Amino acid sequence: SLLSTAAAWAIGHPGEKASNEVIFAEHMRKLRDAVFESRRQPVAELCRDAVVYVTDGEASVPADRRKEVRGMLDGMARRFGYCDACARDAAAMLIAERFRELVG
């Protein structure tokens, strides 16, 4: 079916350079959705733990999770310039908007 999709695109777009993102847009969307769905619960839990870590202190998060949470907070500082409180607020909003049913 992938070959048929590529061939149909080539027939419909003679002389144009093929782009996987264009030709297989639907396949790419399904793949992204599947990856996101598989990571949804762990991301929700990481957001929850980040909120607890910043709000109540690092001791309030299980010891085996602290390094991952601290890494997330440090990554948000490097990438977006967020302080810990700002990262906590962003994580809390993400929970409220997308993950409420997962971490309640």
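These legends go with several close-up views of a predicted model.

**View 1. Confidence along the protein chain.**
Welcome to the overview, where pLDDT is the predictor's confidence in each residue, on a scale from 0 to 100. The protein chain averages a pLDDT of 94, and 99% of the residues score at least 70. Among the elements of the chain, helix H4 (residues 63-80) has the highest mean pLDDT, 97, while helix H2 (residues 20-23) has the lowest, 90. Helices here are DSSP runs (H or I, at least four residues), numbered from the N terminus. In this predicted model, local features need pLDDT of at least 70, side-chain atom pairs count only at pLDDT 80 or more, and totals for chains, interfaces and linings use all residues. Residues are numbered from 1 along each chain as its sequence is written, and side-chain values use heavy atoms, with hydrogens and water left out.

**View 2. Helix H3 packed against helix H5.**
Two packed helices are described by the angle between their axes and the distance between the axes. Axes are lines fitted to C-alpha atoms, for helices over the stretch in contact, and angles run from 0 to 180 degrees between N-to-C directions. H3 (residues 25-56) and H5 (residues 84-103) pack at about 135°, and their axes are 8 Å apart. The two helices are therefore oblique to each other; angles under 35 degrees count as roughly parallel, over 145 as roughly antiparallel, 65 to 115 as roughly perpendicular and the rest as oblique. Their crossing is left-handed, meaning that the near helix is turned anticlockwise from the far one by less than a right angle. Residues of H3 in this contact include Phe36, Val43, Cys47 and Val51, and those of H5 include Ala91, Leu94, Ile95 and Phe99. Contact means heavy atoms within 4.5 Å. By class, the residues of the contact of H3 with H5 divide into 14 nonpolar, 2 polar and 7 charged. Ala, Val, Leu, Ile, Met, Phe, Trp, Tyr, Cys and Pro count as nonpolar, Asp, Glu, Lys and Arg as charged, and the others, Gly among them, as polar.

**View 3. Arg40 and Pro42, both in helix H3.**
Take a look at Arg40, which is buried at a relative accessible area of 17%. Buried means under 20% relative accessible area, exposed over 50%, and partly exposed in between (1.4 Å probe, protein chains only). Leaving out residues up to four places away in sequence, Arg40 touches Arg98, Phe99, Glu101 and Leu102. Pro42 is partly exposed, at 29%.

**View 4. Helix H3 packed against helix H4.**
Here the angle is about 90° and the axes of H3 and H4 are 9 Å apart. That makes H3 roughly perpendicular to H4. H3 brings Glu45, Leu46, Asp49, Ala50, Tyr53 and Val54 to the contact, and H4 brings Arg65, Arg66, Glu68, Val69, Arg70, Met72 and Leu73. The contact of H3 with H4 has 7 nonpolar, no polar and 6 charged residues.

**View 5. Arg66 in helix H4.**
Arg66 counts as partly exposed, at 25% relative accessibility. Apart from neighbours within four places in sequence, Arg66 is in contact with Tyr53, Glu58, Ala59 and Val61. Arg66 and Ala50 are 16 residues apart in sequence and 8.9 Å apart in space, C-alpha to C-alpha.

**View 6. Helix H4 packed against helix H5.**
H4 and H5 pack at about 105°, with 9 Å between their axes, and are therefore roughly perpendicular to each other. Arg70, Met72, Leu73 and Met76 of H4 meet Asp84, Ala87, Ala90 and Ala91 of H5.
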